[in-house]
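Colleague: Could you walk me through this one? I would like to go through it together, question by question.

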Amino acid sequence: MALAEHGKLGYLVFECLAERTIALAVRAKRDDPEKGYDPLLQERLSAVLPAATANKVKIISNMGAANPVAAARAAATIAGKLGLGPLKIAAITGDDVLAEISGANPLLEGGTVAEWPGELIAANAYLGAEPIVQALAEGADIILTGRVADPSLFLAPMIHEFGWPADDWQRFGQGTVVGHLLECAGQVSGGYFADPGFKDVPGLANLGFPFADVDANGQAIISKLPGSGGCITTATCKEQLLYELHDPSAYLTPDVTADFRNVRLEERAPDQVAVSGGSGTARPEQLKVTLGYHEGYFGEGQISYAGPGCVPRANLALSIVEERLKRLAGEIIELRLDLIGVNAIASIARPLAEQTEVRARIAARTRTPQAAAWIGREVEALYTNGPAGGGGVTQSVRPVVAAASTSIARERVTPRIHWEIVS
Amino acid sequence: MKLRDIAHTRSGDKGDISNISVIAYRLEDFALLQQTVTPDAVKAHLQGIVKGEVTRHELPSLGALNFVMDRALGGGVTRSLALDAHGKCLAALLLDLEISPRTGG
């Protein structure tokens with residue numbers, strides 16, 4: 001909101017798709033053909049569109065999820081209701097490649113598509129900047145996509161504004177570095193960074209979101225609005241630069257094989273970091289595809305114990321539930337027992353001399369929702385049948401939508417643009 | 001000395017692979033990171049969590065190392081039963097790593 005109003009931006013990007021979000025959205029679209037896009041689209045666009053249209057800020061987002069066309073229709077309705085226009089809204093499709101994927105396709109995780117347990121419900125190729133650049137060239141004010149590589153959402157307006165040629169790998173690499181720095185919102189401006197006494201960050205409750213001023217070579221200054229919370233330093237930028245990175249010499253996107261090794265970060269002023277030195281080589285010929293599988297159900301129950309002896313009582317609770325669940329052995333695919341506060345994260349228990357409270361957790365992946373529900377019910381039964389002093393039971397059941405990956409030849413993926421016009 | 005005294009870290013996730021960046025606060029401490037924060041040291045510190053290979057990438061101009069850890073997320077973020085399925089906490093666990101410069105030759 002603040003950025004649309006006061007940022008003097010050319011483009012505002014909303015990156016909203018996690019690995020399995022599309023598969024979840026596919027299920028929503030199955031139930032209702034007008035759904036399957038980001039459920040917060042209405043709220044977000046209603047909030048920013050008045051300022052964005054007044055300030056001629058173009059909006060680019062992957063909030064289209066499994067249904068960019070319905071998302072564009074919804075955006076047109078919102079704009080109409082707000083009395084905004086004229087506006088050209090582009091929906092970019094073509095990432096859905098479920099029909100192109102055969103069971104024999106190899107998975108990046110090993111094995112084949114058919115060998116992964118569960119029912120394949122979604123297959124989405126990562127599109128790049130190209131179709132977004134085309135939509136911008138055709139005058140789009142709002143662009144809603146499905147699966148597009150996160151940095152491509154940011155690279156596209158750079159290619160459009162500066163007219164970079166399609167094989168300008170060096171600039172595409174640098175632009176991808178800038179996009180990667182911006183793609184997790186507040187994670188570059190002091191969010192997800194604070195560690196009191198070591199890394200102090202002011203004003204996190206009013207965290208300023210980042211923006212970049214980019215020049216024609218893709219060199220950029222990352223900053224945020226004056227008066228907003230958070231901080232932008234070389235340290236925050238380094239953490240975000242390396243976030244979800246594997247080989248820094250080959251960060252693969254649909255647009256370029258980006259090279260992060262010679263990236264330079266320089267603090268120009270408080271909360272202003274200059275970014276340069278990113279480069280790249282030719283784009284990959286294969287596009288990554290995220291597959292969504294329906295793979296059974298997840299059931300969980302938790303209960304707390306406190307005071308002297310809380311850890312032995314919690315361990316007793318876990319062993320009771322584990323024994324009782326043996327009757328469901330055929331329906332439970334995987335079972336996990338944790339003591340939250342002792343070993344749930346760190347895996348190897350490091351016993352504390354005086355543990356004052358602990359939370360027992362039982363989680364399982366099961367073949368049926370009924371079996372998943374039994375996990376929490378057995379934990380609830382500990383109220384009357386378990387060790388002394390258990391409290392605060394919670395339980396949950398949800399379907400498991402697992403993600404795996406394969407790849408597809410680029411020429412088998414055809415991005416398309418669908419237009420909604422608000423007059 | 002603990003890793004936390006000279007470096008900061010962040011984890012990221014893709015499928016069943018976790019990466020942890022280890023970034024020196026001061027560029028001059030990078031050599032010490034190179035010497036002490038080895039793939040074996042990381043794997044040993046995260047014993048019981050990281051089941052696969054640990055690969056180290058170096059970014060000397062940023063004073064940073066990047067560890068890519070296979071089979072580290074309980075079969076993958078989307079199907080793991082772990083409380084922290086993304087392995088977001090792993091980076092902070094690593095800060096507790098004991099590092100001491102090798103002495104003598």
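**A loop proline and its surroundings**

Modeller: Let's begin in chain A, where A:Pro86 sits in the loop between α4 and β3 (87-93); helices are DSSP runs of H or I with at least four residues, strands are runs of E with at least two, and both are numbered from the N terminus. This is a predicted model, in which local features need pLDDT of at least 70, side-chain atom pairs count only at pLDDT 80 or more, and totals for chains, interfaces and linings use all residues. Residues are numbered from 1 along each chain as its sequence is written, while chains are lettered from A and ligands numbered from 1 in the order in which they are written.

Colleague: Is the peptide bond from A:Gly85 to A:Pro86 cis or trans?

Modeller: In general, most peptide bonds are trans. Here omega is near 0 degrees, and the bond from A:Gly85 to A:Pro86 is cis.

Colleague: And what is the phi of A:Lys8?

Modeller: A:Lys8 lies in the loop between α1 (2-6) and β1 (11-14) of chain A. Although A:Lys8 is not a glycine, its phi is positive, at about 50 degrees.

Colleague: How is α3(A) oriented relative to α4(A): parallel, perpendicular or oblique?

Modeller: The axes of α3 (residues 41-54) and α4 (residues 68-81) of chain A come within 10 Å and cross at roughly 40 degrees. Axes are lines fitted to C-alpha atoms over the stretch in contact, with angles from 0 to 180 degrees between N-to-C directions. Under 35 degrees counts as roughly parallel, over 145 as roughly antiparallel, 65 to 115 as roughly perpendicular and the rest as oblique. Therefore α3(A) is, relative to α4(A), oblique.

Colleague: How many residues of the contact of α3(A) with α4(A) are nonpolar?

Modeller: Among those making the contact are A:Leu45 and A:Leu49 of α3(A) and A:Ala75 and A:Ile78 of α4(A); residues are in contact if their C-beta atoms, placed from the backbone, lie within 7 Å. Ala, Val, Leu, Ile, Met, Phe, Trp, Tyr, Cys and Pro count as nonpolar, Asp, Glu, Lys and Arg as charged, and the others, Gly among them, as polar. Two residues are polar, none is charged, and the nonpolar ones number eight.

Colleague: Which element gives the most to the side of chain B that touches chain A?

Modeller: The contact takes 37 residues from chain A and 30 residues from chain B. On the chain B side, β1 (7-14), β2 (17-24), β3 (54-59) and β4 (64-69) give two or more residues. With five residues, the element that gives the most is β1(B).

Conventions:
Two residues are in contact if their C-beta atoms, placed from the backbone, lie within 7 Å.
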